[in-house]
Amino acid sequence: MTRFSPSDAAMEGFRLTKEHPGVMLAWSAVYFGGILLIAMVMMATLGPQFITLARKGQLSSNDLEEVANLLAASWPAFLLVLLMTALLMSIIAAGVMRLVLRPQEHGFAHLKVGRTELKLTAANLICIGLYALSVVVGLVFTAGASQFGSVGAVLAVALVLVFGIWIGVRLSLLLPTVFETGRVSLKLAWARTKGHFWPLFGMIVLAVIFYVIVWILFSIISFAVVELSGGEAAMQDIGRLTPLTAIAAMITLVMQLLLQVLQIVMIYAPFAVAYRELVLEDTPPAEDFA
């Protein structure tokens with residue numbers, strides 16, 4: 001039986017980044033193209049008001065709230081943007097799982113657009129729906145328990161968090177299960193995690209810690225680059241734009257793209273490793289959970 005190491009699985013994102021820097025750059029380019037396409041769709045569907053906000057470049061919290069209100073007021077646009085975002089994430093997620101589970105499959109930097117990616121998109125949308133449902137149920141449950149005082153509210157929040165974590169861990173292998181089997185099945189994903197709750201929970205905690213550390217490091221480096229080039233005001237004012245600030249702006253943009261892709265890799269890679277070691281290497285081939 002394979003000895004599953006939560007720490008090694010949580011570090012998988014770093015390993016992939018170190019061993020495949022060219023792949024990470026290619027994924028960053030694909031991610032950038034996908035974000036541009038999504039932005040163009042938003043401009044076309046949300047109209048002049050969104051274009052006015054987009055021209056600001058740096059959106060404030062009030063601007064972000066206005067964008068959210070625009071999407072909420074236009075359900076077709078919201079659903080289209082949600083679908084495109086889920087598809088983009090699923091394409092890169094499939095690339096991550098392909099590197100871990102089927103490294104012999106190449107494609108374009110291990111990326112493809114096919115039936116597998118569409119099924120992963122469906123699985124991601126199901127996860128989003130389950131998360132939204134759990135938030136609503138949690139809020140209703142907490143509001144009801146708050147009638148018994150602050151103690152009741154605290155207990156309700158604790159119960160909701162524990163239940164949400166339990167469900168999340170038990171379904172944590174849904175995406176690699178969909179990728180490997182081609183079946184969007186919550187029942188099958190639930191069965192895959194049976195008896196592995198605590199190792200998976202430990203892996204997720206470590207992955208979150210590494211995720212936060214990487215975000216902090218990239219933020220510090222980006223801040224240093226901006227300050228050395230004259231500050232954020234110099235980068236936003238076209239009239240004060242110098243070769244140094246232009247280079248700094250480009251470096252900041254590239255770093256942000258790399259950070260986004262690295263975060264996606266760090267999210268999905270541990271679960272692919274967990275699936276490989278807990279399911280593929282420890283489950284008899286003839287076993288069927290259907």
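Reader: What makes Arg 102 count as a charge over the face of Phe 179?

Author: In this predicted model, Arg 102 lies 4.4 Å from the ring centre of Phe 179, over its face. The rule asks for NZ of Lys or CZ of Arg within 6 Å of the ring centre and within 35 degrees of the ring normal. Local features need pLDDT of at least 70, side-chain atom pairs count only at pLDDT 80 or more, and totals for chains, interfaces and linings use all residues. Residues are numbered from 1 along each chain as its sequence is written, and side-chain values use heavy atoms, without hydrogens and water.

Reader: Why is the pair of Trp 166 and Trp 190 called edge-to-face?

Author: Rings of Phe, Tyr and Trp (its six-membered ring) pair if their centres lie within 6.5 Å; planes under 30 degrees apart are stacked, over 60 edge-to-face, and the rest tilted. For Trp 166 and Trp 190 the centres are 5.2 Å apart and the planes stand at 90°, so the pair is edge-to-face.

Reader: Why are Phe 197 and Phe 201 called stacked?

Author: Their ring centres are 6.0 Å apart and their planes lie at 5°, so this pair is stacked.

Reader: Is Phe 197 buried or partly exposed, and how do you know?

Author: Buried means under 20% relative accessible area, exposed over 50%, and partly exposed in between (1.4 Å probe, protein chains only). Phe 197 has 18%, so it is buried. Phe 201, at 28%, is therefore partly exposed.

Reader: What makes His 110 buried?

Author: The relative accessible area of His 110 is 8%, so this residue is buried.
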